[in-house]
Amino acid sequence: LLTKYQLKPNLLLPLPILLIFAIWPNIQGYAPIGLAVFAFYVLKVILPEKLDFSSTLSSVKGQKFLVIIFLLSSAAAFIQFKRFLYFLFLNQELFGYVSEVRSVFTNLENIKYSFMTNIPIEIHILFIFTIVSFLSFFLKKHQKLSLATVADFLFVAALCILAFRYSRTIPLFVLLASPIIAQNLNQYFEDKEKYLIIPISLIILIMIFSIYQKKLWGERHNTLYIFDKNNNVKVATSYTWKERRPTAALDFIKTHLAPQKLMTSLNWSNQTLWQLENKTRVMLDIIYEKQTAESYADYLSIAGGQDNFIKLVSKYDPEVIMIPQPYNLVETFKLEAWKLEDWNLVYVDDTAIVYAKKDLRPDLALTAIHPELSSELKFKPEEKNKAKVELQKLLGINSNNVFARQQLIMTSIVERKYDEAKKLASESIDLLPKDPNFYILLATANIQSGNCAQTPILRKAKNLAKGYFYIKDKADSLAASCNLAI
C-alpha cells in the first residue's frame with residue numbers, strides 16, 4: 001500500500017491504514033510499535049533523503065500525500081491516548097507493580113534463573129542490539145564527524161536509555177534505531193547486505209544455545225523452580241503436560257453460570273473477559289485500565305489470603321470465584337474460598353477450582369469434594385460414596401477432567417478394585433497420553449495386584465515427567481518395591 005501511495009496517490013488507499021490505527025490501540029498494547037514501523041518506512045525507505053523539487057509534480061504529490069497519511073494515522077492512534085500509552089497514566093502506587101514499566105535491571109533482579117536459558121529473549125536481543133548499535137557508530141570513526149551523525153548517536157542513546165528504564169519500550173528501541181544502524185553498517189561494509197550477518201548470527205546462536213539447554217521458549221512458562229535458602233535454583237523441572245490456563249473451567253462457567261461479576265487471578269482476568277465474551281465483569285484487568293490504588297491493594301490482600309479477605313470479598317460482591325489449584329506454584333492467587341459462608345464448590349479440575357454463591361445454581365453444588373485437603377484423596381472417608389458420584393458428575397461435564405479421573409483411579413486402588421483402576425487408568429492414558437500421572441497410577445494398580453513387570457510404564461512416566469521430582473520419586477519408589485531398574 002505504501003509503495004502505491006508513492007507511485008500513484010489515491011484517496012481510497014489511506015482507509016485501511018487509518019482503520020488499523022483507529023482500532024489497534026483498543027486490541028493491542030504495542031500499537032506504538034506499529035506506528036514506529038510505519039514512520040520509519042515512510043521517512044527512511046519511501047522518501048528520498050532530499051526532496052528533489054525539480055521532480056515531476058506527481059512525484060512531489062506522492063511524497064506529500066504519504067506524509068499526510070502518516071500524520072492522519074498518528075492522529076487516529078493518539079486520539080485514544082489512554083489506551084495507546086496506558087502505562088503512563090497508571091496511579092503512582094500501581095506504577096511499580098507493572099513489569100512492563102519497570103527497568104530491565106529491576107526485572108532481572110526479580111528473576112533468579114540462569115541468564116542464558118531463562119531470561120526472556122527480548123532481553124537478550126536488547127543487550128545484543130545495544131552492542132551492535134554503538135559498534136556501528138565506532139565503525140564510522142574514519143569518516144568526518146557531522147551534525148547528522150551526532151544527532152543519530154544521541155537519538156539512539158536516548159532510545160537505549162529509555163529501553164533499559166522501561167522494559168515495554170525494548171521493541172520500540174530496536175525498531176526506531178534499526179534504520180540508523182543499518183545505514184551506519186551499510187557505509188562500512190562494501191556489500192550492503194553483510195550488516196545483517198551480525199545481529200542475525202547472534203540471535204541464532206542464542207536460539208541454538210537455548211534449544212541445546214532444552215529450555216525452549218514455550219517450555220519456560222511450564223518450568224517449576226525450587227530455591228534453596230540462599231535463593232539459588234535447587235531444582236528446575238518442567239510439567240508441560242498440565243493445562244496452565246482455566247479454559248475448561250471458563251467453558252463450564254459460560255455454559256452453566258453466566259455470572260455478572262467474577263473474581264479470579266489477575267493473570268486469568270483477560271482470558272475470562274475474552275472467553276466469556278465481555279459479558280462478565282472481573283475485579284482487575286491485566287492492563288490496569290480501571291483499577292485504583294485501593295482496588296489493587298485489596299486484590300493483593302485477597303490474593304495473599306490475609307485476615308480481612310472475607311470482608312473484602314463481600315465488598316466487591318462477586319457471584320463466582322475461580323482460583324488456581326493449591327499446588328499451582330506459579331499463580332499467586334491463594335484465596336481460601338472454602339472459608340466463605342453461603343458459597344458452594346461447583347467445579348474442579350486439574351487447573352482451577354470454581355465456587356458460586358449458594359443461590360446461583362444450587363443444583364451444581366459439590367458438597368463431598370474438598371480440594372483444600374492436604375491428602376491425595378480430596379474427600380473425607382465417610383463421604384466416599386457421595387464423592388464418587390460427584391466425580392462422575394464432573395467427568396460427565398468434561399471427559400478430560402484430569403482431577404476427576406485421578407481421584408476415581410486412586411479411590412479404586414484404595415478399595416482394591418484393581419481391574420476397575422487399571423481400566424480407567426488405561427482409558428485416561430489413551431485420552432491424555434502426555435500426563436505421566438496416569439502411567440504411575442496404572443503401574444501402582446498393576447504392582448499392588450501382583451504384576452511387577454512395569455519397567456516400560458515407569459520409564460515412560462519418568463521420561464514424560466522430564467525430571468519433575470514428584471513423579472520421579474513415585475516411579476523410583478514403585479520400582480524399588482519390585483527390585484526394578486528404571
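**Labels and their grounds**

K388 and E415 are both buried. The model behind these values is predicted.

Q: What makes E415 count as buried?
A: Its relative accessible area is 19%. Buried means under 20%, so E415 is buried.

Q: What makes the contact between K388 and E415 a salt bridge?
A: The N to O distance between the side chains of K388 and E415 is 3.3 Å. The cut-off is 4 Å between a side-chain nitrogen of Lys or Arg and a carboxyl oxygen of Asp or Glu, so the pair of K388 and E415 qualifies at 3.3 Å.

Q: Why is the pair of K388 and E415 said to tie together parts of the chain?
A: K388 lies in helix 18 (residues 384-397), while E415 lies in the loop between helix 19 (402-414) and helix 20 (418-431), so the parts joined are 27 residues apart in sequence.

Q: Which residue forms a salt bridge with E415 at 3.5 Å?
A: That residue is K417, with the closest N and O atoms 3.5 Å apart. K417 has 37% relative accessibility and so counts as partly exposed, the class between 20% and 50%.

Q: Why are K472 and D476 described as about one helical turn apart?
A: They are four residues apart in helix 23 (residues 469-481), which means a separation of about one helical turn.

Q: How many aromatic pairs does a search of the whole structure find?
A: The search finds eight.

Q: Why is the pair of F105 and F164 called stacked?
A: The ring centres of F105 and F164 are 5.5 Å apart and the planes are at 15°. Rings pair if their centres lie within 6.5 Å, and planes under 30 degrees apart count as stacked, so F105 and F164 are a stacked pair. F105 is in helix 7 (residues 104-109) and F164 in helix 10, 59 residues apart.

Q: Is F164 buried or exposed?
A: F164 has a relative accessible area of 15% and is therefore buried. Ring pairs link F105, F127 and F164 into a cluster.

Q: What are the grounds for the edge-to-face label on F134 and F153?
A: The centres of the F134 and F153 rings are 5.6 Å apart, with the planes at 70°. An angle over 60 degrees counts as edge-to-face, so the label applies to F134 and F153. F134 lies in helix 9 and F153 in helix 10, so parts 19 residues apart in sequence are tied together.

Q: Why does L145 count as exposed?
A: Its relative accessibility is 66%. Exposed means over 50%, so L145 counts as exposed. L145 lies in the loop between helix 9 (121-138) and helix 10 (147-165).

Q: Which residues make the nonpolar surface patch of about 370 Å²?
A: The patch is made by L145, V150, F153 and L154. F153, at 33% relative accessibility, counts as partly exposed, and patch residues need over 30%.

Key
Residues numbered from 1 in each chain as written. Predicted model: local features only at pLDDT ≥ 70, side-chain atom pairs only at ≥ 80, totals over all residues. Heavy atoms only, no water. Patch = residues over 30% accessible without salt bridge, like charges linked within 9 Å, V, L, I, M, F, W, Y side chains within 5 Å. Areas by Shrake-Rupley, 256 points an atom, 1.4 Å probe, with all protein chains shown as cover. Helix = DSSP H or I, 4+ residues; strand = E, 2+ residues; numbered from the N terminus. Buried < 20%, exposed > 50% of the residue type's maximum accessible area, 1.4 Å probe, protein only. Phe/Tyr/Trp six-rings, centres within 6.5 Å; stacked < 30°, edge-to-face > 60°.
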